[in-house]
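Open the model in your viewer and keep the selection panel at hand. The stops below go from sheet to helices to a loop and on to another sheet.

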Amino acid sequence: MTEGGIANWKKKEGEAFTAGDVILEIETDKATMDVEAQDDGVIAKIIVGDGSKGVKVGTTIAVMAEEGDDLSGAAAFAAEQSSEAEKPKESEPAQKDTPPTPTSPALTAGTEAPKSTTPSGTKDSTASGEKKKELGKGERIFATPIAKKIALEQGIPLAKVKGTGPDGRITREDVEKYKPGSTAAAAPASKGAVAEPEYEDIPVSNMRKVIGQRLTQSKQEVPHYYVTVDVDMGRVNKLREVFNKSLAEKEGGAKLSVNDFIMKAAALAMKDVPDVNQAWMGETIRQFKKVDISMAVSTPTGLITPIIKDVGGKGLTSISTEAKTLAKKARDGKLQPQEYQGGSFTISNLGMFGVSHFTAIINPPQSAILAVGSVSSTLVPAPHEEKGWEVKHVMKATLSADHRVVDGAVAARWLNAFRSYMENPLTFML
């Protein structure tokens, strides 16, 4: 991570906090995360406000002080910090020899809240006293990703919410405080009014921007090819039904999904064909010793891939429980970096949406990703049957592979191993 955004400040200028308090939310390329204070103190001055994007790691975003300190110089110190950040890099060596006049600690992007030891500046009350303009129809709507997520979940029209963030940006607090009917009715448009635009420009979130950059880079730089097989899901469906019936009798028993069987079969196939469990590192090819599967999860702000570690060494119920927990955390934006960074193989399942077949984009440096479609009833020849045919429940599975690492024959062997485990699920127990 080289840059991020400020979702919103939980503490206002002049407000005291204690160790462990959440003082702000930051937006990374994958999630919105809380930043907790490490010591007691006071927010003397906020330099980078709510909704700010593209904040470089190491940038000063606030000035902290201890309770009881004189805060009269915080505004001047904040202005000095902002002006220093805008100076060209050529002047930096000269500045290193001259210590800054203020001695107050500053909170920087990418760090936890530091302990304050000296007085700093005052609270700037000018902006807080200004009355924010209400967004009119047809105007561009600016809102933080977390505000959009809450508005989408609660069915709140953002156009009717007054934004109190920088430049009228709508924050989480604005959405949470919104009450239907609280906004004054707009005056009727005059006869000669200009036609309203039939579209809305939505600002790109940090997460969406990174997704776009990485997937574009993958398709441009990674030599993809695709291999597809049909998998007979009859035995998996029967075994899943038996297991779920047994688990339902236990209090709090996990309900197994088809995806749990798919992940387990993929991990076992990796043991049979380990050449697929590799990553392209440029000068080397990394061979993973365990199968850590990245599970694609759709969230209101974009796609994220939480990781289930060592799938091959876990049972179906453990895989199911962990998958459900990580999926919920992903949708709530509560994943920790270690829960979505890494992985040796990815599975993307769109079967629950009725998609029969699709191809997925590889997540570098991984060398492959499995795209799974829905299960459909298919007529197949059956010479042993009197009528000459039978109905089978078939699922299409497509492996996207990086040809720099995985040759076509290797991909075919892996898919055959995967299909064999899926069509004979009792081998999971061996």
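How many bridges join strand 1 (residues 3-9) to strand 3 (residues 22-27)? Select both strands: they run antiparallel and are joined by four bridges. Helices (H or I, at least four residues) and strands (E, at least two) are DSSP runs, numbered from the N terminus, and two strands pair if DSSP finds at least two bridges between them.

Before going on, note that this is a predicted model, in which local features need pLDDT of at least 70 and side-chain atom pairs count only at pLDDT 80 or more, while totals for chains, interfaces and linings use all residues. Residues are numbered from 1 along each chain as its sequence is written, and side-chain values use heavy atoms, with hydrogens and water left out.

Within the strand pair, pick G5, which stands opposite E27 in strand 3. Then widen the selection to the open sheet of four strands, in the order 4-3-1-6 with antiparallel pairing. Its edge strands, each pairing on one side only, are strand 4 (32-36) and strand 6 (55-56).

Next, select helix 3 (residues 145-154). Its buried residues (under 20% relative accessible area, 1.4 Å probe, protein chains only) include P145, I146, A147, K149, I150 and A151. Strand 3, helix 4 (172-177) and helix 8 (316-331) are among the elements that cover them. Just after helix 3, G155 takes a positive phi of about 65°.

Now go to S205, in the loop between helix 4 and helix 5 (206-221). S205 is buried, at 12% relative accessible area. Leaving out residues up to four places away in sequence, S205 touches K53, P145 and T301; contact means heavy atoms within 4.5 Å.

For a helix pair, select helix 7 (residues 258-272) and helix 9 (residues 408-423), which pack at an angle of about 135° with axes 8 Å apart. Axes are lines fitted to C-alpha atoms, for helices over the stretch in contact, and angles run from 0 to 180 degrees between N-to-C directions. On the helix 7 side, F261, I262, A265, A266, L268, A269, M270 and D272 make the contact; on the helix 9 side, W414, A417, F418, Y421 and M422 do.

Finish with the open sheet of six strands, whose order is 9-18-17-16-12-15 and whose pairing is mixed. Strand 9 (224-232) and strand 15 (307-308) are the edge strands, each pairing on one side only. Inside this sheet, strand 16 (residues 345-349) and strand 17 (residues 368-381) pair in the parallel sense over four bridges. Select S348 to find its bridge partner in strand 17, A371.

Terms used
Buried means under 20% relative accessible area, exposed over 50%, partly exposed in between (1.4 Å probe, protein chains only).
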